[in-house]
Amino acid sequence: MMLVVALAILFLTILLVFFALVFAASAGDAEKYARVRREGQRHTAVITDCGLPWNTRNQAWVLLKLETPSGSVAKRLYVPLEGAVSYDFLATARVTNRPVYVLCILDERVDESVRHHGYVLEQLPGGRG
């Protein structure tokens with residue numbers, strides 16, 4: 001009987017630690033996205049690949065060819081799927097090579113984990129969208 005109680009307590013402790021880690025990770029992502037909103041710059045980009053992470057439904061990863069004042073840059077970003085920016089929107093832009101606007105931070109002095117987050121904007125270059 002004592003063994004069953006001890007195992008139940010151990011199981012509940014492990015479960016609580018797991019949920020605490022998941023919550024902390026999602027809170028960290030929210031802070032990173034907020035920083036990108038505050039400090040990010042808008043760039044024109046072409047999506048060369050995209051996909052969905054295995055552990056979430058509300059964000060996607062995109063591999064981009066960004067146009068910057070100093071030339072083209074390849075960049076992988078995690079972007080939230082919200083509003084008109086759905087996975088279908090990203091996949092269609094990828095297949096058609098349609099340029100999109102991206103909000104991100106490229107400054108090397110900023111922590112790399114922040115630089116891996118960004119936004120694909122709903123507005124399309126050239127007044128479309």
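Hi everyone. Helices (H or I, at least four residues) and strands (E, at least two) are DSSP runs here, numbered from the N terminus. By that naming, T68 lies in strand β2, residues 59-68.

A word on the source: this is a predicted model, where local features need pLDDT of at least 70, side-chain atom pairs count only at pLDDT 80 or more, and totals for chains, interfaces and linings use all residues. Residues are numbered from 1 along each chain as its sequence is written, and side-chain values use heavy atoms, leaving out hydrogens and water.

Back to T68. Its relative accessible area is 14%, so T68 counts as buried (under 20%; exposed is over 50%, partly exposed in between, with a 1.4 Å probe and protein chains only). The T68 side chain reaches the backbone oxygen of G71 at 2.5 Å. Beyond its neighbours within four places in sequence, T68 is in contact (heavy atoms within 4.5 Å) with H43, V73 and L106.

Now the rings. How many aromatic pairs are there? The count comes to 1, taking rings of Phe, Tyr and Trp (its six-membered ring) with centres within 6.5 Å; planes under 30 degrees apart are stacked, over 60 edge-to-face, the rest tilted. Y33 and Y119 form a tilted pair, 5.5 Å centre to centre with 55 degrees between the planes. It joins distant parts of the chain, Y33 in helix α1 (residues 2-39) and Y119 in strand β5 (residues 119-120), 86 residues apart. Both Y33 and Y119 are buried.

Finally, charges over rings (NZ of Lys or CZ of Arg within 6 Å of the ring centre and within 35 degrees of the ring normal). R37 lies over the face of Y119, 3.9 Å from the ring centre, and R76 over that of W61, at 4.5 Å. Thanks, all!

Definitions and conventions
Polar contact = N/O pair within 3.5 Å; in protein donor to acceptor, adjacent residues only side chain to side chain.
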